[in-house]
Amino acid sequence: MARPREFDEQDVIAKATDLFWRRGYNATSVRDLGAELRLKQSSLYRTFNDKRTLFLRTLDHYRATESTQAEEQLSAPGPSLEILREWLIWMISHEAGRGCFVVNTAAELGTTDPEVRQRTEDAFEVTRKTLASLLRRGIRDGDLPAASDVDAAVELLFTTVLGLRVRERAGHDPQRLATAIDFTIKMLAISGT
């Protein structure tokens, strides 16, 4: 007869997300997970099968929490460029020194795991779509020039976001990152091409 679980699976996933986010996939061993989560390896294997499966669950958890929060912030009412700036500033200060779990994962694992790549690309696409929606709203509301190229602006912003996340994780001066953000916002406000 199987013993009932003595832990909350969602709590374990949240704690594992934090560990993978801090250390990365390759630097986190099953032993590390067991120690951090206070679980025996047998319990981890019984519940999640293996480290990779648990890691995929943590990516899903992150997207359901952190990524959803970013979507909500970018969809908030108000002038689009102010909303964008507030989000970018929040992004570099929210989890100072940690970067974004999805960006960290994409940088670490790249194209080596198709399921991980699919999850990171799906998260990136949500960001692109949310940015496009915000920019279209900005054009509609007169915050951005009517001739703005939304697709090009989204790619610029998305590349900026990824760069900011990497620089933030690398410990770069937040004031310098804020300067880059302000210049990006200024360029969006005056660019009509």
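Is Arg38 buried or exposed? Arg38 is exposed, with a relative accessible area of 73%, where exposed means over 50%, buried under 20% and partly exposed in between (1.4 Å probe, protein chains only). This is a predicted model, in which local features need pLDDT of at least 70 and side-chain atom pairs count only at pLDDT 80 or more, while totals for chains, interfaces and linings use all residues. Residues are numbered from 1 along each chain as its sequence is written, and side-chain values use heavy atoms, with hydrogens and water left out.

**Nonpolar cores**

- The largest nonpolar core has 27 residues, and those with the most contacts inside it are Phe20, Leu33, Leu37, Leu44, Leu54, Phe55 and Phe101; such a core is a set of buried Ala, Val, Leu, Ile, Met, Phe, Trp, Tyr and Cys residues joined through side-chain atoms within 4.5 Å.
- Two or more residues of this core come from each of α1 (9-23), α2 (30-37), α3 (41-48), α4 (51-74), α6 (101-109) and α7 (114-141); helices (H or I, at least four residues) are DSSP runs numbered from the N terminus.
- The largest share of this core, six residues, is supplied by α1.
- A second, separate core has 25 residues, including Leu84, Leu88, Leu131 and Leu157.
- Apart from its neighbours within four places in sequence, Phe101 is in contact (heavy atoms within 4.5 Å) with Thr17, Phe20, Trp21, Phe55, Thr58, Leu59 and Tyr62.

**Helix α1**

- Helix α1 has 15 residues and reaches 21 Å from its first C-alpha to its last, close to the 21 Å expected at 1.5 Å a residue; the expected span is 1.5 Å times one less than the number of residues.
- The buried residues of α1 are Glu9, Val12, Ile13, Ala16, Thr17, Leu19, Phe20 and Trp21.
- The cover over these buried residues includes α2, α3, α4, α6 and α8 (150-169).

- Most residues other than glycine have a negative phi.
- Arg38 is not a glycine, yet has a positive phi of about 55°; Arg38 lies in the loop between α2 and α3.
- Asn49 also has a positive phi, near 75°, and lies in the loop between α3 and α4.
- Asn49 counts as exposed at 55% relative accessibility.

**Helix α9**

- Phe183 is placed in helix α9 (residues 174-190).
- Phe183, Met187 and Ile190 make a nonpolar surface patch of about 300 Å²; nonpolar patches join side chains (Val, Leu, Ile, Met, Phe, Trp, Tyr) within 5 Å, from residues with over 30% relative accessible area and no salt bridge.
- A salt bridge is a side-chain nitrogen of Lys or Arg within 4 Å of a carboxyl oxygen of Asp or Glu, and accessible areas come from the Shrake-Rupley method with a 1.4 Å probe.

Key:
Patches are made of residues with over 30% relative accessible area and no salt bridge: like charges are joined within 9 Å, nonpolar side chains (Val, Leu, Ile, Met, Phe, Trp, Tyr) within 5 Å.
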